[in-house]
Amino acid sequence: MTQSLPGQRPAHDEQLTGHAGLPVVVIGAGPYGLSVAAHLRGAGVPVRIFGEVMGSWRHAMATGMFLKSTPAATDLSAPRPGGRLADFRRVHGEEELTELTPIPCDVFVRYGMWFQERYVGEVDPAGVVAVDRAPRPNPGFRVRLDDGQELPAAAVVVATGLNGLASIPEELRQVAHDRPGVDALVSHTSHHTDLSPYSGRSVAVVGGGQSALESAALLYEAGAEVRVLVREPRVLWGMKPEPARPWTQRLAKPASPLGTGWLLAAVCRAPEGVRHLPAAARMLLFRRALGPSGGWWLRNRVEGVVAVRTSSRVTHAEASGSRVRLDIDGPGGSDTLTVDHVLAATGYRLDLDALPFLSPALRGAMVRVPGSRAPRLSASFESSVPGLYFTGSLAAPMFGPMMRFVAGTEFAAKRIARHGAQASAIR
């Protein structure tokens, strides 16, 4: 949906490209892109936002999936009150969700689209194919769209989420395809909106986190023969929330948007503090603070229902006719498993080089986080290229694990909008 707010001029109008100064371009219309654009527009900053509204949530999540986050950790950030998930539910006469109510992805998508109409206005569905510095002596950047149109920008905010960052291990990559169909031997969980076509087929799910476990449940419920291969010695499950915990428990394990415990509470309350940690400590926090686990509400759909092999690692994969054969190292030694399909629930790589729309010159000019391929960012989420900002998961190696979740939108959007407004005025 690409409509404008009442009284707001269309995105191609002079207001956004001429007398009021160059616009800030936001690339991506998911939770972070929408939140940043909402704050920029709330501050009166000219802004253009590109992408499909809630596109990843609509096309990279299988039908029937739920959010792992609780309702309190699922609010987008608006510049004025009234934009919470609870507000959306109330406006539409729907019952408020509680900690004990898993949120269906389709509900979250509807919420995001409502938020866009209410706080963001027009979103251009065009794809951004190139971003580079503007030719001197012009300020800012040049942005090229997939229809060939070019536009100037005072600043650029990259809020593309996990698009293009799916990671398939080397052991599986040789039999994987970039755009696999149902008949492909290997795919990534982000490639699917519907797992029902695998009904009657054998599928090995590689991974032990929420994506792996929920995909396995959906495959099983769709009639597939499923085996889950988990590297860790056991599957971890989240604890069922206790809305009225005794004060002693709240003191021992304070609540946070990411769960209970002092570590999670600290990184959620002070993301800026995480940025000041040594790079090695930040990367350790990024990798260890939230390990792979399944939501508490998913456990009874997997445990004792779906075949799960722990302490199992795929060492090699090869095509065997129309099937794929896996070599697996496990507690009992090595063995093989032949299946019709392998579903890799193996996460994402945070790598600037996986963003092809950024020019080689821009990528080469950016300082990376030591031990990572992600950009080093200032307190305002600005990279080492002035005027180029990153938010969402690509900011997690700097600001901590909260940036991997919707809960980080408020912290990021406010800081980027404040600094982006200054950049737009200066440039």
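Reply: Helices here are DSSP runs of H or I with at least four residues, strands are runs of E with at least two, and both are numbered from the N terminus. The model is predicted, so local features need pLDDT of at least 70 and side-chain atom pairs count only at pLDDT 80 or more, while totals for chains, interfaces and linings use all residues. Residues are numbered from 1 along each chain as its sequence is written, and side-chain values use heavy atoms, with hydrogens and water left out.

S35 lies in α2, which spans residues 31–42. S35 has a relative accessible area of 0% and is therefore buried (buried is under 20%, exposed over 50%, partly exposed in between, with a 1.4 Å probe and protein chains only). Apart from neighbours within four places in sequence, S35 is in contact with L76, S77, F115, T409 and A413, contact being heavy atoms within 4.5 Å.

The sheet is open and has four strands in the order β2-β1-β8-β19, paired in parallel; two strands pair if DSSP finds at least two bridges between them. Its edges are β2 (47–50) and β19 (388–390), each of which pairs on one side only. From one strand to the next the twist averages 15°, with axes fitted as lines to C-alpha atoms (for helices over the stretch in contact) and angles running from 0 to 180 degrees between N-to-C directions. Strand β1 (residues 24–27) runs parallel to β2 and is joined to it by four bridges; V26 has I49 in β2 as its bridge partner. Helix α2 packs on this sheet, where it touches β1, β2 and β8 (155–158), and its direction makes about 165° with that of β2.

A second open sheet has three strands, β15-β16-β17 in that order, with antiparallel pairing. Because β15 (313–320) and β17 (333–339) stand at its edges with a single partner strand each, one side of each has no neighbour in the sheet. Here the twist averages 20° from strand to strand. β15 and β16 are joined by seven bridges, with H316 paired to D327 in β16. Two residues separate these strands in a hairpin, and G321 in the turn has a positive phi of about 70°. β16 (residues 323–330) also pairs with β17 over seven bridges, and there D329 stands opposite S334.

Salt bridges come next: a side-chain nitrogen of Lys or Arg within 4 Å of a carboxyl oxygen of Asp or Glu. The count by this rule is 24. R84 and D87 form one at 3.4 Å, N to O; R84 is partly exposed at 42%, whereas D87 is buried at 5%. In the salt bridge of R89 with E94, the closest N and O atoms are 2.9 Å apart; R89 is buried at 12% and E94 partly exposed at 24%. A network of salt bridges links D351, D353, R363, R368 and R373.

On the surface, W247, L251 and W262 form a nonpolar patch with about 420 Å² of accessible area together. L251 belongs to helix α8 (residues 247–252) and counts as exposed at 52%. Patches are made of residues with over 30% relative accessible area and no salt bridge, like charges being joined within 9 Å and nonpolar side chains (Val, Leu, Ile, Met, Phe, Trp, Tyr) within 5 Å. Accessible areas come from the Shrake-Rupley method with a 1.4 Å probe, and for residues only the protein chains shown count as cover.
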